Amino acid sequence: MKNTMKNIKTEDRLIFALDVPEVKQAKDLVNQLDDSVTFYKIGMEMLMTGQYFQLMDWLIAKDKKVFVDLKFFDVPETVGRTIKRLSQYGATFATIHGNQALMERAAENKGDLKILAVTALTSLDRGDLDDLGFKCDVQDLVISRAKRAFEAGCDGVVSSGLEVPFLREYVDNKLIAVTPGIRPVANDDDQKRVVDVATAFKSGTDYIVVGRPIKNANNPYQAASEIQNIIKTCF
């Protein structure tokens, strides 16, 4: 499925997960990746450096887009106020994880920030969901959460590429789908529900999040560029 309705720049569809322990290492990677990556996800590990917002400002000053992946989860009023403050920083995406009231309060306060609701983490498999008390299929859970997120006013969801085709079938196509856990080849790390780059886009996703296959490559710039080349063939 070729999704061309949202006017997304092709080069922005690759989001690099800047999951490193120190800001200097993050900046070195960004400089090394240069024009091969325009969009960066920064998460909880970077928050612990105490320089999270300085890094965000630095990225935005370099004309990069920022995905704040902190999966805000608290009482709805607290999340709403948090999103309102975050919307002033210039980030493009932010993740939340919670119930209907939480999603609604986040959406009410987002400003120009786009809110992504987490459906089911790609590190979870059927056994994990059983342990958490979800007795429905992963597919049904993701569709249900995506429908509720859209109804609440969220802009999109974070979803495994395995479930994106069903989102496109059952949820309004205006919903942004961001797919993590992208692997160029089969892997044995902690991401369990994964797809490759071309499959993700052909399935209808809008953005992919890639971390280790780029970060751990002998030449990260080349690895990112190769992924960008694959993306171009999908649109």
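Tutor: Let us begin with helix α1, whose buried residues are Val 23, Ala 26, Leu 29, Val 30 and Leu 33. Buried means under 20% relative accessible area, exposed over 50%, and partly exposed in between, with a 1.4 Å probe and only protein chains considered. Helices (H or I, at least four residues) and strands (E, at least two) are DSSP runs, numbered from the N terminus. Please note that this is a predicted model, in which local features need pLDDT of at least 70 and side-chain atom pairs count only at pLDDT 80 or more, while totals for chains, interfaces and linings use all residues. Residues are numbered from 1 along each chain as its sequence is written, and side-chain values use heavy atoms, with hydrogens and water left out.

Student: Why do the buried residues of α1 line one face of the helix?

Tutor: The general idea is that an α-helix has 3.6 residues a turn, so residues three or four places apart point the same way. Seen down the axis of α1, the buried residues fall within an arc of 125°, so they line one face. The arc is that of the directions from the helix axis to the C-beta atoms.

Student: What covers the buried residues of α1?

Tutor: The cover includes β1, β2, α2 (44–47), α3 (52–61), α10 (212–215) and α11 (220–233). In the protein there are eleven helices and eight strands.

Student: How should I read a positive phi?

Tutor: Most residues other than glycine have a negative phi, and most peptide bonds are trans. Asn 7, which is not a glycine, has a positive phi of about 55°; Asn 7 is placed in the segment before β1 and is exposed, at 74% relative accessibility. Lys 71, also not a glycine, has a positive phi of about 45°. Lys 71 belongs to strand β3 and is partly exposed, with a relative accessible area of 25%.

Student: How does one read a nonpolar core?

Tutor: In soluble globular proteins, nonpolar side chains tend to be buried together. A nonpolar core is a set of buried Ala, Val, Leu, Ile, Met, Phe, Trp, Tyr and Cys residues joined through side-chain atoms within 4.5 Å. The largest one here has 57 residues, of which Leu 14, Leu 18, Val 68, Ile 96, Ile 208 and Ile 214 touch the most other members. Helix α7 (residues 138–152) gives the largest share of this core, six residues. Apart from it lies another core of twelve residues, including Ile 8, Ala 17, Phe 67 and Leu 116.

Student: Which residues are in contact with Ile 96, leaving aside its neighbours within four places in sequence?

Tutor: Contact means heavy atoms within 4.5 Å. Among the contacts of Ile 96 are Phe 72, Val 79, Ile 83, Leu 102, Ile 115 and Cys 154. For the protein, residues 24 or more positions apart account for 67% of the contacts with a separation of 6 or more. Buried residues make up 50% of the 235 residues.

Student: How many salt bridges does a search of the whole structure find?

Tutor: Side chains of opposite charge can pair when their charged atoms come close. A salt bridge is a side-chain nitrogen of Lys or Arg within 4 Å of a carboxyl oxygen of Asp or Glu, and the search finds eleven. One of them joins Asp 12 and Lys 65 (3.1 Å, N to O). This pair links distant parts of the chain: Asp 12 is in the segment before β1 (14–17) and Lys 65 in strand β3 (residues 65–72), 53 residues apart. Asp 12 is buried at 6% relative accessibility, whereas Lys 65 is partly exposed at 30%.

Student: Which residues are linked with Asp 19 in a network of salt bridges?

Tutor: The network links Asp 19, Lys 41, Asp 69 and Lys 71. Within it, the closest N and O atoms of Asp 19 and Lys 41 are 3.8 Å apart. Asp 19 lies in the loop between β1 and α1 (23–33) and Lys 41 in strand β2 (residues 39–42), so the pair ties together parts that are 22 residues apart in sequence.

Student: Where is the confidence of the prediction below 50?

Tutor: The pLDDT is the predictor's confidence in each residue, from 0 to 100. The protein averages 89, and 86% of the residues score at least 70. Over residues 186–193, however, the pLDDT is below 50.
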